[in-house]
Amino acid sequence: MEGIEQWKTEAQQWLQQGIEYAHQLPPTQLYAAVAVLLFTTLLLLTIRMLKRTKSNTIVLSGLSGSGKTVLFYQLRDGSSHQGTVTSMEPNEGTFLLHSESAKKGKIKPVHVVDVPGHSRLRPKLDDFLPQAAGIVFVVDALEFLPNLSAVTEYLYDILTKASVVKRKLPVLICCNKTDKVTAHTKEFIRKQLEKEIEKLRVSRSGVSDADIANDYTLGIPGEVFSFSQCINKVTIGEASGLTGEISQVEEFIRAHVKQ
């Protein structure tokens, strides 16, 4: 109790000294000091709000049948949801990653959105990108070559969106179904995608600006395209939604949705 009383006495003395000092200041200096104090307070509050509102949304995108919805359920509750699921509406949920559910301490939940891959429903993606912390673009590694053209065009459209480029949204190209013997490796998929994007980039560069729907162009003029040229970070990983091997997806999520 004596310590508390002493602290109160000292605080009152400091407050009194501060008031006396303020009375001695010329009005202009006093106003300047108050302005600096207000500005500093507002700045600190703004920084605190920005930190508090940092996005925890991860968007799953990709063609229909690539395995996005199975990945969603594996992330949420560790199940493959009976194998194959086709979603016509976005699956959306905020939860602890299943692999972290047994961990102790404060763990930040992740808001995951599984956007339908049907071409008619892809515009729904634009509803979620402004709030996203990252994008997982899911590719079927088993049926990759038959879908190469469609996969490339969808990925190209995502990588050239203003909401992705301006915010430098990180993208993980997730090669799913790699548990299958005939699945293509992530290096093969990366090289093929870079080749196809280069072709697409060249063909679209010959079209007038008025006919191009993309907000930005990819790559460096005069150089063959590679993902390393993107303004935002593009990485490639492997997963198997059916077997639950999704560690690289979880690592990507935790790299961009901090604890």
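## Aromatic pairs and nonpolar cores

Phenylalanine 225 is buried at 3% relative accessibility, where buried means under 20% relative accessible area with a 1.4 Å probe and protein chains only, exposed over 50% and partly exposed in between. The model is predicted, so local features need pLDDT of at least 70 and side-chain atom pairs count only at pLDDT 80 or more, while totals for chains, interfaces and linings use all residues. Residues are numbered from 1 along each chain as its sequence is written, and side-chain values use heavy atoms, without hydrogens and water.

Rings of Phe, Tyr and Trp (its six-membered ring) pair if their centres lie within 6.5 Å, with planes under 30 degrees apart counted as stacked, over 60 as edge-to-face and the rest as tilted.

| Pair | Centre to centre | Angle between planes | Class |
|---|---|---|---|
| Phenylalanine 137 and tyrosine 154 | 5.6 Å | 70° | edge-to-face |
| Phenylalanine 225 and phenylalanine 227 | 5.5 Å | 80° | edge-to-face |

Because phenylalanine 137 lies in strand S4 (residues 132–140) and tyrosine 154 in helix H4 (residues 148–159), their pair ties together parts 17 residues apart in sequence; helices (H or I, at least four residues) and strands (E, at least two) are DSSP runs, numbered from the N terminus. Phenylalanine 137 is buried at 1% relative accessibility, as is tyrosine 154, with a relative accessible area of 4%.

A nonpolar core is a set of buried Ala, Val, Leu, Ile, Met, Phe, Trp, Tyr and Cys residues joined through side-chain atoms within 4.5 Å. The largest such core has 36 residues, and Phe137, Leu193 and Phe227 are among those with the most contacts inside it.
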